[in-house]
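Hi,

Here is the structure I said I would pass on.

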Amino acid sequence: MPQNADNVLDHFELFRGPEYQQMLANKKKMFENPRDPAEVERIREWAKTPEYKEKNFAREALTVNPAKACQPLGAVFVAVGFEHTIPFVHGSQGCVAYYRSHLSRHFKEPSSCVSSSMTEDAAVFGGLNNMIDGLANTYNMYKPKMIAVSTTCMAEVIGDDLNAFIKTAKEKGSVPQEYDVPFAHTPAFVGSHVTGYDNAIKGVLEHFWDGKAGTAPKLVREPNEKINFIGGFDGYTVGNLREVKRIFGLMGVDYTILGDNSEVFDTPTDGEFRMYDGGTTLEEAANAVHAKATISMQEYCTEKTLPFIANHGQEVVAFNHPVGVKGTDEFLMAIARISGKEIPEELAKERGRLVDAIADSNAHIHGKKFAIYGDPDLCLGLASFLLELGAEPTHVLATNGNQKWADKVQKLFDSSPFGQNCNVYPGRDLWHMRSLLFTEPVDFLIGNTYGKYLERDTGTPLIRIGFPVFDRHHHHRRPVWGYQGGMNVLITILDKIFDTIDQNTIVPAKTDYSFDIIR
Amino acid sequence: MSLAQPQSVAEIKARNKELIAEVLKVYPEKTAKRRAKHLNVHESGKSDCGVKSNIKSIPGVMTIRGCAYAGSKGVVWGPIKDMIHISHGPVGCGQYSWAARRNYYIGTTGIDTFVTMQFTSDFQEKDIVFGGDKKLAKIMDEIQELFPLNNGITVQSECPIGLIGDDIEAVSKAKSKEYDGKTIVPVRCEGFRGVSQSLGHHIANDAVRDWVFDKLDPNKAPPFEPSPYDVAIIGDYNIGGDAWSSRILLEEMGLRVIAQWSGDGSLAELENTPRAKLNVLHCYRSMNYISRHMEEKFGIPWCEYNFFGPSKIAESLRKIAAYFDDKIKEGAERVIAKYAPLMDAVIAKYRPRLEGKTVMLYVGGLRPRHVIGAYEDLGMEVVGTGYEFAHNDDYQRTAQHYVKDGTLIYDDVTGYEFEKFVEKVQPDLVGSGIKEKYVFQKMGVPFRQMHSWDYSGPYHGYDGFAIFARDMDMAINSPVWKMTKAPWKQAPGQAGLLAAE
């Protein structure tokens, strides 16, 4: 018996013992009707070939291991960024269980969200009663200052009208007439979680700026000197928003972060559960209409929101999840230009430190090939940083990226000699990526936790940057934006490069002649 | 914790009743009336726990429940390793459930096994408008081309499928015919069906009956020589290897396990099962349906068992052995004796550290009762328990075999209720799921996930109990819980106490 009270064996050791190995071998042989091992091996090899890749890329209907989630996840992410706000998702309740689990697994934090729990009768008669009862219950139980409503695909397919439903619910007394219930239709069969982010943040702004669904006068913009900031759907929201606030503080810029969920996704363990923490106040959300300009850190998370804001008379500026020197330069210079404030020496020094770090380390990255996948903006930001490092972002793939995005990535490639042999893959999934890693191998893969299976399958070392990251802890607490964020990304990449070299030179008297302890 | 807690059963009952009355105050009247039926204080001698169950969740209350799709794809079908399970509809459901359940398996992923992959039809607006049947048919063709060693396909319906009137049965039948009788199983587990995961289990069970069992050729020779000791493990999902640390005990006592449902399971094993002499059933809630069907149709008896903790394991091994001859009965005794020293050592090591500690549970359809014995083996006491998706027969089993007088019972608990209950009862440990974990840890309450074993396990069987005991100890006795209050924020006496420890 392998188990032992003194040294308790975990699953990864327990089952390797002969008792279990024999048992599993018998199970397979006797009862599983297994495939011929030679046949498994043959198919395994075939699935690595260019021929397989061609068939794989010819897929028209099947999606395998996509790198995207659905709209309501983005809406929930937005809602918790407002003060004392609870996300309310109208539709099936299982969806909400999934969003909450997904966010909790990434941030290692509670994720509060309610559902209108629609079932078969609601499918037939519509979900109005669910909305009426649901708003009343949520309002009484969780005492939110605002309830932000979005939808699951069920409610969208049957055509529930949020505007009318919320109005009726208010008439029935579920919540007070003047109570804030912004909403966004977020069909899961359109776009992805970044689209949901876009719709939801636009929904909140529209609510406050354009007369609260016809219940209040529209706000008249009285321009001030403030800058609005929108982060977009971002797994590093905790570290990034704090870094952005620090930068604004250093520059002396008056700002409003719209959808600031950096506190609620990083609450202390001190004996108290904070269902709500931090967040953009409702007053700030309303007053954001007066700002001079709005900066979006992620263009593809704000495709509808920015034009909406621009129509209210503000300047809008969009970035693509800037990572590294050039991206941060452009970000800071845009803030300086809009605000009229100078970039302080302290930030110039931070820039110099990042350039210094790159100068120290770039020899280890130069010429290395990377495959990147993730959300469209993150891919652009990372690819741009790799080009700065003299690395080649050989494959850049976004399941939720479109042709417009691909053109933008291509333009980025064209701007650098290191981009000449790089390719962009819009709308593809991680099974496509698998073929790419076999047929056109790279040195490293950058992606979220699901890249673990690509790493195991293809042997390409994975650098975890993206969302979700479930199987490594606390990455979300560090910024990847700003020069300091760039430093974090650089260190993350370097650590993996050095670890990989060390792993490959570890066999005594065979490969360990590369003994270097100094690099 | 456990400061100034009531001591006698009468006091506990009074406190718990008061607590229920208090939480109900937060609700609007109609909701309070409905929720009241799901909360109770257990009275010993009663045949059930006195709560209503398997009823629709109330909108807006923050239920912890999932949906029928989660019950079918996530629980019953997903672990069948050599089949490809299509999450049919928009991308989200498959994405959020992708590899999130720890159904361990052995196989070459992507070639002959597919558990940790996410196959989806990724519905777009045009699929909603024009229907997804053609796309589904094409998906099956593409699967056949790119994954030629798959042994079957299931279609796990997401909400839109039933709403737009797609005929996934027709597509499945046609494609099965086209591919020489290949097993293709349409499952109508749209998330809006039923009130929780539970109906998804039932629908998935029925799909096994209709699309696997009913297609079996009775004249086909069995793939193995039958033996009088053939059993099938039903309702073990092999979380962290649970089914393996269970199977080994059954085999050591002389039985032969011809199938595992569904953790590390295969289509062949599903097909083997009608040849079992006995079905041994761990998760009653999710697989009693197919067990009853096999009893009726094939005359196979079934027997519930519980492999959490040495007391229940020994009881269960003897119960299973009672269906067989003396050879097996002796085998059961031999297995119990073999592991007794390990169990003694585990209890000697951990019981002194856990004795008298209290636990509150809130899990799915089995564990809120099944794990109670394991805690008791460690000298711990379960003071509150409830189910996400139990039916009344689960509460009967709970009342008759597991919980103590005065235990707080909460069915389909809401986030608000659970938080308040824990705040007042002050247990030493809460066992629930990922959505609850961080809520209670923030409150300074030790926590273990009891769906995923908090990424540990196995917890089943004797080998698993050692891990279970260690994990409960590391949760409760972690130094971190003494640091939650900043020293300058503690009452002077309290700080002194901690310093003296």
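To start with the interface: how many residue pairs are in polar contact between chain A and chain B, taking pairs with both at pLDDT 80 or more? The count is 48. Keep in mind that this is a predicted model, so please read everything below as computed from it.

On the chain A side, helix 6 (residues 93-107) supplies the largest share of the residues that touch chain B, namely 10. By residue type, the side of chain A that touches chain B splits into 53 nonpolar, 26 polar and 23 charged. The contact as a whole draws 102 residues from chain A and 117 residues from chain B.

As for area, about 9200 Å² is buried between chain A and chain B, and carbon and sulfur atoms give 63% of that.

Strand 1 of chain A (residues 63-64) pairs with strand 3 of chain B (residues 119-120) in the antiparallel sense, over 2 bridges. Within that pairing, Val64(A) sits opposite Phe119(B).

Now for a sheet inside chain A. Chain A has an open sheet of 4 strands with parallel pairing, in the order 6-5-7-8. At its edges are strand 6 (255-258) and strand 8 (315-318), each of which pairs on one side only. On average, neighbouring strands of this sheet are turned by 20° against each other, direction ignored.

Further in, strand 5 (residues 227-230) and strand 7 (residues 293-296) of chain A run parallel, and 4 bridges link them. If you want to find that pairing on screen, look for Phe229(A), whose bridge partner in strand 7 is Ile295(A).

One helix to view together with the sheet is helix 12 of chain A (residues 237-251). Helix 12 lies across strand 5 and strand 6 of chain A, and runs at about 170° to strand 6.

That's what I have for now.

Cheers

Key:
Residues numbered from 1 in each chain as written. Chains lettered and ligands numbered in written order. Predicted model: local features only at pLDDT ≥ 70, side-chain atom pairs only at ≥ 80, totals over all residues. Heavy atoms only, no water. Pairing = 2+ DSSP bridges. Axes fitted to C-alpha atoms, helices over the stretch in contact; angles between N-to-C directions. Contact = heavy atoms within 4.5 Å. Buried area = accessible area lost by both parts, 1.4 Å probe. Polar contact = N/O pair within 3.5 Å; in protein donor to acceptor, adjacent residues only side chain to side chain. Nonpolar A, V, L, I, M, F, W, Y, C, P; charged D, E, K, R; others polar.
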